[in-house]
Each structure stands twice: as structure tokens, then as C-alpha cells.
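Open the model in your viewer and keep the selection panel at hand. This tour goes stop by stop.

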Amino acid sequence: MEVRNHYDLVVAGAGPAGSAAAITAARMGASVLLLEQGRFPRQKVCGEFVSSESLELLRQFLVHAPNGLKIVENAPRIERARMFLQGTSVEIPVLASASIPRFVMDEALWRAAEAVGVECRDGVTVEDIHSNGEFAVSTSDGDFTATAAIATTGRWSKLRQPIAKRNAKKLIGVKAHFRELNPTLSTDLYFFSGGYCGVQPIDDETVNACALVRADVATDLQSVFGLNGALAKRARGWVAVMDPVSTSPLIFAEPEPERDGVLFAGDAAGFIDPFAGDGISLALRTGSAAAQATMHLIAGRVPLGEMVRTYRRRYEKQFLPAFRAAKQARWVIGCWRPLPQFAVQLLRFPKIAKAVFARTRGLEAA
């Protein structure tokens, strides 16, 4: 087997964004090295909501994986969202979306990348990427060079350390799967002062519960469940089917699609509020967009600076509005403070509630 240390593209991180970037570039003829610190399969803190607008893109990637299309076809379809806040609930119809565990999806995307010729290495930590004519990538598995580099190492890594705003409260994410027979086919968002918890089915007898909460309010799911009366009642009979996983700190910093010529995609570029339900969609779309931008550099059609400007313009035009809308909606809904009664009453009107939800997704309210 040929041993090589130079590639057209090196991608650091093999979540949805990294795998999407690697698959996109490989299908366009690039030699690609995909590096992942963990090993598959593995759990990730995630609401596991795959929006309608990203389902077809996911299908296009998973067509290369063994049984990849079945993962999409067999996933529960979500056609409504319910918000539970301050003793009231609001139901909002959504375009048919899906619920797919990251435990399943991430490994399938990894296998799809292997199938299209990407060199995939797991258990490898990327220590540094810097450019000096070409990109030098230092890892726990040796050093590599590449014409282009994409970092998809998540919301917190050595490659990009976002800075929290002054006096910002520490936020944590925690997730687990629980047994619940015949769960409602909806994404249910339970809000409380200091955070919220999303619950949705991943099959006909299991739900995913994933919370974003201030660390001074709660640090585990059982404590979170007690912060919303409707959620506490629902969770009373749950039995965990996996050990909880958590992540921190969660920082809502200004998105940064590039640094020193390295393109960022997925959460590495920007962490969007999970209640928007756009995290996986943004990962797939920004990963694909970053790979498309690098192909112009790899083919020698543009210099590095022009490639960077092209990706940054596309990111700011196509993806940045979703972050701004999610930030606005987060405060309208009142994730971090009690919601004024007049706002609760307004959200009970379906058209208003749907408009708020649509804003987080970069969609027009119908």
C-alpha cells in the first residue's frame, strides 16, 4: 500500500460537516485525507433533528454507504414542533423532517467517505494547521501537507477557540436516550428560566432528550427535567438506554468561516442555537460549500486569497442570516429569563409562532 503525506485536501474532524466536505471534494476528483479524533460509532450531544431542506443532501451523501439510504428512509418523520413554556403550549407545523441518531448517521457518513476514495483515519488528533505556500498539518499520527485545509472540529477545538462575551453565563449541553413507547412524532421544546430541553422520537420506543442549560441552573438531565412541569410529568416513567453525554462550554460567538486560509465549517465556523433545528443542516451545507470553494484552489484556477474570499462571501450571504435570526428568536422565546405574559399570549397565535420558528430556519413563514 502506498504511503503518502501530501493530499489535495485535508479535513480535520469527521462529523457531518467534515464528512460532507470530504465526500464532496473526493467526488470532484480531489485526493482527500479525513482525520477524526474519536472512533466510530460514538455518541454526540445533539438534538438529532434533520431538517426537511437537508434530507435530500444527506441522502446524496449516504447513497455511498452500506444501507445508507435505509437510514434516511426508516427515520421517524417529524411534521410538527411543540413549545411548552410557562404553563402553556404552542404547536407549529413544520415541513417533513427526520430524526436520526448521530450514533448511526456519523458512522454512515464516515463509511460513505471511505466508499468514494477518501483516506479516513480515526483516533487522530489534529494539533495544528498552518500555511506556508501549502498547508502543513501536524497530528498525533504524523505530519501531512495539503493544497487546502478545512477544519470541522466542532464548537471547541485547538484550531478555533471562540471567546465568550464578558459576563456570559457558562452553558452546557447534555443528552441521553430514554425508553418511551409510541412517542409523539414531534419535536417538543420545553423551556424554563436558564435553558430548554428538546425531546423527539428516534424510533417507536425511544426518545432523545437533549438540553442546553446554564451551569448554575442544572448540570444533569434529571435536574433539567424538574425545571418544566410538563417535562417532569412526561419523564417520570422514562428509563435511560444509554449513559448521558455532555459538552461544555457552549459559546454563542460571532461565526468565523476562515482563519489564516483554513476554511471552517459546521460548529467550528459557528455554533447556532440548537432549538433552531438547523445544526445538522448547516453542517452538511457549509461542509459541502467549503469543499466546493477549495476545488478552485486545488485546480489552480484561483489563488488562496480568492478562494477564501469566495467562501466567506457565500457563508455570509447564505448561512449567516440563520445565526442572526436564531439569536433574535432565542430572546423572543425567552430561553434565559421568564417570558413576559404578553409574549406568551402572542406565541399562542399559530401564524406568529410559525413565523418565529421559520425565522430561525432562514425560511419564509407560509
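Which residue forms a salt bridge with Arg312? Select Glu316: the closest N and O atoms of Arg312 and Glu316 are 3.9 Å apart. A salt bridge here is a side-chain nitrogen of Lys or Arg within 4 Å of a carboxyl oxygen of Asp or Glu.

Before moving on, note the ground rules. This is a predicted model, in which local features need pLDDT of at least 70, side-chain atom pairs count only at pLDDT 80 or more, and totals for chains, interfaces and linings use all residues. Residues are numbered from 1 along each chain as its sequence is written, and side-chain values use heavy atoms, with hydrogens and water left out.

**Stop 1: helix 8**

Show residues 304-318, which make up helix 8. Helices (H or I, at least four residues) and strands (E, at least two) are DSSP runs, numbered from the N terminus. Arg312 and Glu316 both sit in helix 8, 4 residues apart, about one turn of the helix. Colour by accessibility next. Buried means under 20% relative accessible area, exposed over 50%, and partly exposed in between (1.4 Å probe, protein chains only). Arg312 is partly exposed at 28%. Glu316 is also partly exposed, at 38%.

**Stop 2: helix 7 against helix 8**

Axes are lines fitted to C-alpha atoms, for helices over the stretch in contact, and angles run from 0 to 180 degrees between N-to-C directions. The crossing is right-handed.

Now show side chains at the contact (heavy atoms within 4.5 Å). From helix 7, pick Thr286, Ala289, Ala290, Gln292, Ala293, Thr294 and Leu297. From helix 8, pick Leu304, Met307, Tyr311, Arg314 and Tyr315. By class there are 8 nonpolar, 3 polar and 1 charged residues. Ala, Val, Leu, Ile, Met, Phe, Trp, Tyr, Cys and Pro count as nonpolar, Asp, Glu, Lys and Arg as charged, and the others, Gly among them, as polar.

**Stop 3: helix 1 against helix 4**

Select residues 16-27 for helix 1 and residues 102-115 for helix 4. The two pack at about 20°, with axes 9 Å apart. Helix 1 and helix 4 are therefore roughly parallel. Their crossing is left-handed. Pro16, Ser19 and Ile23 of helix 1 meet Arg102, Met105, Asp106, Leu109, Trp110, Ala112 and Ala113 of helix 4. This contact divides into 7 nonpolar, 1 polar and 2 charged residues.

**Stop 4: Arg42 and Asp106**

Arg42 is buried at 13% relative accessibility. Asp106 is buried at 0%.

**Stop 5: helix 2**

Finish at residues 52-62, helix 2. Arg59 and Glu56 form a salt bridge there (2.7 Å, N to O). Arg59 is partly exposed at 25%, and Glu56 is partly exposed at 42%.

Note on methods. A crossing is left-handed if the near helix is turned anticlockwise from the far one by less than a right angle, and right-handed if clockwise. Angles under 35 degrees count as roughly parallel, over 145 as roughly antiparallel, 65 to 115 as roughly perpendicular and the rest as oblique.
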